[in-house]
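Let's take a walk through a protein chain together, from the overall layout down to a few single residues. Have a look at the picture before you read on.

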Amino acid sequence: MVSANIQTPLGIAQITGDAFGISEIKISQDGEISTLIPREIQQAVKQIQEYFKGIRTEFDFKMNPKGTEFQQKVWKGLLEIPFGKTMSYLQLSKKLGDPKAIRAVATANGKNPLWIVVPCHRVIGSDGSLTGYAGGLWRKQWLLQHESSSKQQSLF
């Protein structure tokens, strides 16, 4: 297992993986920026940097997140939420086949180990509110604005 820290507009992202794929991407406020990026995670680093530059909307590097069968099912469902769109926890639960599993879906969403790449930030409350986000609601809001197709352009 290898890892590297990269600077993002939202803090330092630590990317961890091996030859089988990226197993974890997490965000923090501290940590040293890596000067060398291990070969196993170079593609993920490049794609995350492209995402923040606004030139990438999908990730296609090899992923290998660790989780239960149910968590994997939820994370796969999250990958189907299109860039720039949102879905409520209830809608996601229904899509996964069990509207009563909303709390379990929300819990699995919160345990997503692949920050940004598996877009748990695209899941909102049924009333449209920004609810629960492990990285902080301000980051969730930033990410949704970053992905918005109707970006406000500055006149000055």
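**The whole chain**

First things first: this is a predicted model. The chain has five helices and five strands. If you trace it from the N terminus, the order of the elements is β-β-β-α-α-β-α-α-β-α. Its radius of gyration is 16 Å, close to the 15 Å that the globule rule gives for 156 residues, so the chain is as compact as a globular protein of that length.

How much of the chain counts as buried? Of the 156 residues, it's 43%. Take the contacts between residues at least 6 apart in sequence: 55% of them join residues at least 24 apart.

Now find helix H2, residues 69–79, and helix H4, residues 102–110. Their axes come within 9 Å and cross at roughly 80 degrees. An angle of 65 to 115 degrees counts as roughly perpendicular, so that is the label for H2 relative to H4.

Which residues meet there? From H2 come Phe70, Gln71, Val74, Trp75 and Leu78, and from H4 come Ala104, Val105, Ala108 and Asn109. Sort the residues of this contact by type and you find seven nonpolar, two polar and no charged.

Stay with H4 for a moment. Its buried residues are Val105, Ala108 and Asn109. Looking down the axis of H4, you'd see these buried residues fall within an arc of 105 degrees, so they line one face of the helix. What do they pack against? Their partners are H2, helix H3 (89–95) and strand S5 (123–124).

| Residue | Location | Relative accessible area |
|---|---|---|
| Ile25 | strand S3 (residues 21–28) | 2% |
| Ser88 | strand S4 (residues 87–88) | 7% |
| Ile116 | loop between H4 and S5 | 2% |

Buried means under 20% relative accessible area, so Ile25, at 2%, counts as buried. What does Ile25 touch, leaving aside its neighbours within four places in sequence? The list is Gln14, Ile15, Ile48, Phe61, Pro113, Leu114, Trp115 and Val117. Ile25 and Ala13 are twelve residues apart along the chain, and their C-alpha atoms are separated by 6.5 Å.

Ser88 is buried too, at 7% relative accessibility. Not counting residues up to four places away in sequence, Ser88 touches Val123, Ile124, Gly125 and Ser126. Another pair to check is Ser88 and Leu130: 42 residues separate them in sequence, and in space they are 9.8 Å apart, C-alpha to C-alpha.

Last up is Ile116, in the loop between H4 and S5. Most residues other than glycine have a negative phi. Ile116 isn't a glycine, yet it has a positive phi of about 70 degrees.

Key: Residues are numbered from 1 along each chain as its sequence is written. This is a predicted model: local features need pLDDT of at least 70, side-chain atom pairs count only at pLDDT 80 or more; totals for chains, interfaces and linings use all residues. Side-chain values use heavy atoms; hydrogens and water are left out. Axes are lines fitted to C-alpha atoms, for helices over the stretch in contact, and angles run from 0 to 180 degrees between N-to-C directions. Helices (H or I, at least four residues) and strands (E, at least two) are DSSP runs, numbered from the N terminus. Angles under 35 degrees count as roughly parallel, over 145 as roughly antiparallel, 65 to 115 as roughly perpendicular and the rest as oblique. Contact means heavy atoms within 4.5 Å. Ala, Val, Leu, Ile, Met, Phe, Trp, Tyr, Cys and Pro count as nonpolar, Asp, Glu, Lys and Arg as charged, and the others, Gly among them, as polar. Buried means under 20% relative accessible area, exposed over 50%, partly exposed in between (1.4 Å probe, protein chains only). The arc is that of the directions from the helix axis to the C-beta atoms. The radius of gyration is taken over C-alpha atoms; the globule rule is 2.2 Å times the number of residues to the power 0.38.
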